[in-house]
Amino acid sequence: MTPHVELRGVTKSYRRRADVFVALQDVDLTVNASEFVSVIGPSGCGKSTLLMIVAGLISPTAGLVHVAGARVLRPLTDVGIVFQSDLLFDWRTVLGNVTLQAEVRGQDKRQARAKAIGLLKRAGLEGFEDRRPWELSGGMRQRVAICRALLHDASILLMDEPFGALDALTRDQMNFVLQEIWSEDRRTAILVTHSISEAVFLSDRVLVMSARPGRIARTIAVDLPRPRPVDVRESPEFLRYQRLLRDEIGYG
């Protein structure tokens with residue numbers, strides 16, 4: 001199977017005056033098409049840096065990055081990115097925020113509008129198309145951000161702590177929403193998260209990074225059937241994966 005995303009020997013360092021700060025060192029990573037992979041690890045281990053390197057927004061100091069068989073040398077266009085901050089524009093409607101993606105890319109406005117309405121319906125936001133972002137809850141705003149990232153049919157979805165600022169109940173709800181949206185077309189997805197439970201619930205594999213300089217310390221396959229219902233979090237298998245990841249990171 002040809003990898004959709006492949007990193008080989010990726011290192012990223014920054015020079016700060018006389019010092020050299022190494023964020024990532026010798027990272028090897030393979031993500032197959034339609035796979036959902038989460039990346040967890042201690043704060044400051046380079047998880048977000050890794051995601052930005054995959055997107056082509058940051059260049060590695062050393063190593064190679066390939067997406068869909070092509071070397072990444074510039075920012076990717078075939079990618080949707082969701083950050084912890086939803087980055088919505090308060091002067092645009094919900095629908096206007098989603099279709100902004102199409103406007104920037106010069107896509108057909110009618111087709112983009114129809115697709116955006118469909119995505120908002122899938123995300124449980126039907127009837128909110130004309131609302132402004134400041135009228136929405138935090139979870140609803142993040143749903144809009146996810147819809148915007150999916151509008152141009154990118155084959156890869158990259159998410160950097162998209163639910164990190166939400167309360168626990170809303171975060172759990174958003175996990176189910178994301179699982180439902182992802183399951184419909186199975187785009188390749190990479191999620192950076194600090195939540196072990198979130199990583200286990202959503203992922204096919206969880207990559208555990210070491211403390212800085214970040215490396216892939218271990219890869220754990222999550223063998224739980226999909227779709228995953230709410231009560232899977234209470235199952236012995238789910239709890240076993242959580243304990244395994246906590247032990248690997250050193251939380252317990």
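User: What are the ground rules here?
Analyst: The model is predicted, so local features need pLDDT of at least 70 and side-chain atom pairs count only at pLDDT 80 or more, while totals for chains, interfaces and linings use all residues. Residues are numbered from 1 along each chain as its sequence is written, and side-chain values use heavy atoms, with hydrogens and water left out.

User: At what angle do helix 2 and helix 3 pack?
Analyst: At about 125°, with the axes 9 Å apart, for helix 2 (residues 94-105) and helix 3 (residues 109-122). Helices (H or I, at least four residues) and strands (E, at least two) are DSSP runs, numbered from the N terminus. Axes are lines fitted to C-alpha atoms, for helices over the stretch in contact, and angles run from 0 to 180 degrees between N-to-C directions.

User: Which residues make the contact?
Analyst: V94, L95, V98, T99 and A102 of helix 2, and A112, R113, A116, I117 and L120 of helix 3. Contact means heavy atoms within 4.5 Å.

User: Switching to the open sheet, what is the strand order?
Analyst: The order is 6-7-8-3-9-10, six strands with mixed pairing; two strands pair if DSSP finds at least two bridges between them.

User: Which strands stand at the edges?
Analyst: Strand 6 (79-82) and strand 10 (216-221); each has a single partner strand, so one side of each lacks a neighbour in the sheet.

User: How many bridges between strand 3 and strand 9?
Analyst: Four, in the parallel sense, between residues 36-40 and residues 205-209. S38 has V206 of strand 9 as its bridge partner.

User: And where does helix 7 lie?
Analyst: Helix 7 (residues 236-249) lies across strand 3, strand 9 and strand 10, at about 175° to strand 10.
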